[in-house]
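Dear colleague,

Please find the structure below, together with its sequence. My notes on what was found follow directly after it.

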Amino acid sequence: MNIPHLLLVEDEVKVAAFIKKGLERQNFTVEAAADGREGKALIDKNKYDLIILDVNLPYMDGIELCAHLRTRDTQTPVLMLTALGTTADKLAGFDVGVDDYLVKPFDFMELIARLKALLKRSANANEKSDLLHVSDLELDLAQKVARRGGQTITLTAREFDLLEYLMRNRGRVVSKVDIAENVWDIGFDTGTNFIEVYINYLRKKIDKDSPTKLIHTVVGMGYTIKEK
Ligand code: CA
């Protein structure tokens, strides 16, 4: 994993310095903001792997800051620090999309454990978004392979692009013109049957050995990928 880049918004100078120093010792890079306004400016300007927010801050509190972040970023994990630890506080935080809480004073190793758990969860979520599914067929956009029922299927670059296009439009019928334009990046030439040829390549690799066929021809319309 790359070195995690964190934002810490904490107005208590000593606490901020303690956390920043400790995290840097654990190989995190940390930017610190001393109040809500500064925190907001940094959130608007930069992308962080994780954000630590104190609840009580001058100008704009941690709850407002998190609500502001979530209007355009639902992914970045947020850990809230609070001296209060009351249920009302926690509920307000979870309402605006805080991922986890730590009550002050906290054990530093507890903070590290929470941060690592949040970073791992967010890395897993990112990985999963690189997968497309139709029934037991999975297309792995990162590794550029397909899997059917867990078996890896090797595709050529063009087969991969065609399958990706079909899967991104799963359940919809795409015409040969759509395919020619989006996969081959060319206007359709009625004199060629290359799309049918490639659909047949895909069928051999994807559907031939399975009782459930996923690639369907819709006569006069085009093709669709779906379970039935
Ligand atoms: Ca504070």
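Lys144 counts as partly exposed, because its relative accessibility is 47%; here buried means under 20% relative accessible area, exposed means over 50%, and partly exposed lies in between, for a 1.4 Å probe and protein chains only. The residue belongs to the loop between strand E7 (137-140) and strand E8 (145-148). Helices (H or I, at least four residues) and strands (E, at least two) are DSSP runs, numbered from the N terminus. The phi of Lys144 is near 60 degrees, a positive value in a residue other than glycine.

Please note that this is a predicted model, in which local features need pLDDT of at least 70 and side-chain atom pairs count only at pLDDT 80 or more, while totals for chains, interfaces and linings use all residues. Residues are numbered from 1 along each chain as its sequence is written, and side-chain values use heavy atoms, with hydrogens and water left out.

Backbone geometry

Most residues other than glycine have a negative phi, and most peptide bonds are trans. Asn27 also has a positive phi, near 70 degrees, in a residue other than glycine. Its place is in the loop between helix H1 (13-25) and E2, and Asn27 counts as exposed because its relative accessibility is 56%. Lys104 and Pro105 are joined by a cis peptide bond, with omega about -5 degrees. Pro105 is found in the loop between E5 and helix H5 (108-128).

The antiparallel sheet

E7 and E8 belong to an open sheet of four strands with antiparallel pairing, in the order E6-E7-E8-E9; two strands pair if DSSP finds at least two bridges between them. Strand E6 (131-134) and strand E9 (151-153) are at the edges with a single partner strand each, so one side of each has no neighbour in the sheet. From one strand to the next, the twist averages 25 degrees. Axes are lines fitted to C-alpha atoms, for helices over the stretch in contact, and angles run from 0 to 180 degrees between N-to-C directions. Three bridges pair E8 with E9 in the antiparallel sense, and the bridge partner of Arg147 in E9 is Thr152. H6 packs on this sheet and touches E6, E7 and E8, its direction making about 120 degrees with that of E7; contact means heavy atoms within 4.5 Å.

The helix pair H6 and H7

Helix H6 (residues 157-168) also packs with helix H7 (residues 176-183), at an angle of about 125 degrees and with the axes 10 Å apart. H6 and H7 are therefore oblique to each other: angles under 35 degrees count as roughly parallel, over 145 as roughly antiparallel, 65 to 115 as roughly perpendicular, and the rest as oblique. On the H6 side the contact is made by Arg158, Asp161, Leu162 and Tyr165, and on the H7 side by Asp178, Ile179, Asn182 and Val183. By class, this contact of H6 with H7 has four nonpolar, one polar and three charged residues. Ala, Val, Leu, Ile, Met, Phe, Trp, Tyr, Cys and Pro count as nonpolar, Asp, Glu, Lys and Arg as charged, and the others, Gly among them, as polar.

The parallel sheet

An open sheet of five strands, with parallel pairing, has the order E2-E1-E3-E4-E5. Its edge strands are strand E2 (29-33) and strand E5 (100-103), each of which pairs on one side only. The twist averages 20 degrees from one strand to the next.

Within this sheet, five of the five residues of E3 are buried, so E3 is largely enclosed by the rest of the structure. Leu50, Ile52 and Asp54 point one way from E3, while Ile51 and Leu53 point the other way. E1 and E3 run parallel and are joined by four bridges, with Leu7 opposite Ile51 in E3. Four bridges also pair E3 with E4 in the parallel sense, and Asp54 has Leu81 as its bridge partner in E4. Strand E4 (residues 78-82) pairs in the parallel sense with E5, again over four bridges; here the bridge partner of Met80 in E5 is Tyr101.

Helix H2 (residues 36-45) lies across strand E1 (5-9), E2 and strand E3 (50-54), running at about 135 degrees to E2. Ala41 has its place in helix H2 and counts as partly exposed, because its relative accessibility is 46%. The C-alpha atoms of Ala41 and Ile52 are separated by 15 Å, the two residues being 11 residues apart along the chain.

With kind regards
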